[in-house]
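Thanks, everyone. Please bring the model up on the screen, and I'll talk you through it.

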Protein chains: 2
Amino acid sequence: MPINRQIVLDNRPQGEASVQNFRLVTSETPPLQEGQVLVRHHFLSLDPYMRGRMNDSKSYAASQPLGEVMIGGTVGEIVESRHEGYCVGDKVVGMGGWQEYSVVDANQSGVLRKVDTSRVPLSAYLGAVGMPGVTAYYGLVHILEPKAGQTVTVTAAAGAVGSAYAALAKARGCRVVGIAGGYEKCRYATQELGYDACIDYKEHRNEVRSLSQALRDACPDGIDGHFENVGGWIMDAVMLRMNAFSRMALCGLIAGYDGQPVPMANPSLILINRMRIEGFIVSEQMQVWPAALKELGELVAEGKLRPRESIAQGIEAAPEAFIGMLKGRNFGKQLVKLL
Amino acid sequence: MPINRQIVLDNRPQGEASVQNFRLVTSETPPLQEGQVLVRHHFLSLDPYMRGRMNDSKSYAASQPLGEVMIGGTVGEIVESRHEGYCVGDKVVGMGGWQEYSVVDANQSGVLRKVDTSRVPLSAYLGAVGMPGVTAYYGLVHILEPKAGQTVTVTAAAGAVGSAYAALAKARGCRVVGIAGGYEKCRYATQELGYDACIDYKEHRNEVRSLSQALRDACPDGIDGHFENVGGWIMDAVMLRMNAFSRMALCGLIAGYDGQPVPMANPSLILINRMRIEGFIVSEQMQVWPAALKELGELVAEGKLRPRESIAQGIEAAPEAFIGMLKGRNFGKQLVKLL
């Protein structure tokens with residue numbers, strides 16, 4: 001039986017998350033039961049939602065139990081199979097967690113999905129053609145519903161969700177403006193991801209009015225749809241530029257993950273501008289995944305969406321890579337290479 | 001020509017609005033042009049939206065120009081007509097403003113509407129079968145879309161919008177819980193307006209947790225839809241009780257009318273509970289008025305919706321009645337009797 005190195009949640013963050021919250025453990029993979037397969041993970045996906053799971057408090061998702069392997073999306077390869085639908089060598093995407101191997105009961109529907117790597121690289125199924133891509137798709141297509149010629153914006157613009165969002169918005173004839181942290185990310189957003197403009201919020205040092213003015217310059221016709229990944233003062237600045245009858249998709253609020261209160265400064269703008277704001281979780285919207293994955297797969301295959309990846313090496317590097325991603329140190333989709 | 005007493009906006013509020021912002025003027029009504037009618041107002045409606053118009057700042061509606069007659073809904077009677085569609089004695093509803101008479105160009109569509117007073121009293125066309133009633137209808141029926149058995153809530157529960165909301169929600173089989181200021185208003189809400197429960201926010205003295213606990217008791221299954229007229233700490237308390245996939249219609253934010261900032265404490269609840277929040281202005285939703293007025297008229301005619309009215313006497317009493325309404329001193333729909 002192969003040796004499986006795993007990262008478990010050892011203790012919960014007091015305030016900011018740190019690498020001390022995690023612990024590396026080692027176990028032998030158990031023998032397969034009938035209907036099970038053994039997956040050797042090639043890549044682990046690190047995503048902001050995991051931070052919410054580390055808390056004990058009520059969130060939109062179940063809390064991560066202490067002492068258990070951290071939840072996480074993985075792509076890999078079948079290395080042993082006792083299920084007739086899977087052969088050794090099949091490439092699969094699943095929720096294998098922060099570990100090198102997983103044993104999966106393949107009869108459960110939806111836990112594993114075979115993927116075609118002839119035109120799309122395996123790792124892309126964790127990003128552009130995976131959960132982050134579908135997240136961008138649902139927010140843009142089903143909540144914001146922009147028309148050609150409208151202006152749409154997004155925070156964390158250079159990340160996995162943002163890069164898919166830009167490609168999907170350009171495909172719909174929108175002007176798409178990003179907000180990201182740092183000159184390099186903004187340059188990458190406009191030069192490689194297709195953004196019409198990208199604003200570096202770090203230049204505005206928590207000043208709502210200053211960022212709002214930059215948004216006015218970048219969005220001369222105002223903002224018709226906004227996709228929010230961050231919250232806090234950046235969202236407050238965006239709110240000041242939203243048009244009448246505009247919409248906002250609320251997908252993540254990284255600003256509040258460490259427990260500090262993050263108010264919305266001026267909710268009366270929702271009324272003044274007759275806005276609609278809607279929160280969502282993409283895993284509850286499974287009906288859109290097939291159409292979303294089809295369009296995203298085509299965009300990747302055609303080279304219209306090729307976001308960069310930040311790749312950490314080895315399962316032991318996962319905690320530090322995760323903390324770095326929460327602080328915005330990654331560039332594009334954050335992965336851990338496990339093979 | 002009859003003498004017309006009018007109230008104009010004399011100067012803009014610095015902070016709270018006061019009677020000093022208004023001025024009484026007198027003029028002669030001008031002779032009618034072809035196509036015009038002269039309306040003698042019986043009642044003027046006083047509504048919270050007027051406070052927003054008094055400010056110079058950007059709001060959802062045009063600012064009220066200084067020196068001009070205050071905007072306002074009126075019901076009255078045609079006393080002179082040079083339009084073939086209107087006869088002397090016809091009862092009409094319109095936007096005649098804070099004055100005793102108005103000259104109306106009846107060829108303009110939508111400025112006057114003849115009403116039937118055989119089953120519905122004239123004044124009701126300013127309340128339950130008028131703008132406040134349609135406001136409740138649009139928010140409940142088109143934004144909250146509750147199902148029978150769900151729990152819906154509303155602030156300013158004993159007011160003109162709230163009373164229509166309760167009747168419409170009960171007609172749809174909902175549990176309806178109000179929030180109002182004071183024991184008398186809450187008793188009136190449950191005994192006369194049909195609320196299943198009504199919470200007196202004054203008992204909770206700006207304490208979000210205390211009000212939220214009272215809401216938990218009154219809404220044991222949580223809140224599926226909320227209609228917000230107030231904002232601020234009351235809205236924060238409601239947010240803590242909203243269910244997954246719940247909706248909130250944002251109609252008014254009285255708490256912020258005087259210019260002080262009124263943040264939303266915890267917008268991450270929008271995400272955690274996958275909520276939809278939507279602001280609206282009923283005058284932009286004219287397509288719903290016919291169906292809304294039909295249902296509201298029936299509810300009034302059948303005696304299922306007979307909200308109280310607070311009636312001030314004479315145009316000179318309008319400013320003080322208006323300020324009182326903003327402070328919650330009125331009981332039910334605030335009107336000024338002009339004849």
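Start with a pair of side chains: Arg276(B) and Glu278(A) meet in a salt bridge, 2.9 Å from N to O. By salt bridge I mean a side-chain nitrogen of Lys or Arg within 4 Å of a carboxyl oxygen of Asp or Glu. In general, side chains of opposite charge can pair when their charged atoms come close.

A word on the source: this is a predicted model, where local features need pLDDT of at least 70, side-chain atom pairs count only at pLDDT 80 or more, and totals for chains, interfaces and linings use all residues. Residues are numbered from 1 along each chain as its sequence is written, chains are lettered from A and ligands numbered from 1 in the order in which they are written, and side-chain values use heavy atoms, with hydrogens and water left out.

Back to that pair. Arg276(B) is also the bridge partner of Glu278(A) in β13(B). Three bridges join β13(A) to β13 of chain B, residues 276-279, and the strands run antiparallel. Two strands pair here if DSSP finds at least two bridges between them. Strands (E, at least two residues) and helices (H or I, at least four) are DSSP runs, numbered from the N terminus.

Now the chain interface. How many salt bridges does the rule find across the interface of chain A and chain B? Four. Eight residue pairs are in polar contact between chain A and chain B, both residues at pLDDT 80 or more. A polar contact is a pair of N or O atoms within 3.5 Å; within protein, one must be able to donate a hydrogen and the other to accept it, and residues adjacent in sequence count only if both atoms are side-chain atoms.

On the chain A side, β12 (242-250), α7 (268-272) and β13 (276-279) each supply at least two residues. By class, that side has 18 nonpolar, five polar and five charged residues. Nonpolar covers Ala, Val, Leu, Ile, Met, Phe, Trp, Tyr, Cys and Pro; charged covers Asp, Glu, Lys and Arg; the others, Gly among them, count as polar.

Chain A gives 28 residues to the contact, and chain B gives 28. Contact means heavy atoms within 4.5 Å. The two chains bury about 2,500 Å² between them, with 63% of it on carbon and sulfur atoms. Buried area is the accessible area (1.4 Å probe) that two parts lose on being put together, summed over both.

Next, inside chain A. About 1,400 Å² is buried between the domains, 58% of it from carbon and sulfur atoms.

What is the count of salt bridges between the domains of chain A? One. Glu192(A) pairs with Arg308(A) in a salt bridge, closest N and O atoms 2.7 Å apart.

Lys333(A) and Asp47(A) also form a salt bridge, at 2.7 Å. Lys333(A) sits in β15 and Asp47(A) in the loop between β3 and α1, so the pair ties together parts 286 residues apart in sequence.

Last stop, Arg12(B), in the loop between β1 and β2 of chain B. Its side chain makes a polar contact of 3.3 Å with the side chain of Ser63(B). A polar atom of the Arg12(B) side chain also lies 2.9 Å from the backbone oxygen of Gln64(B).
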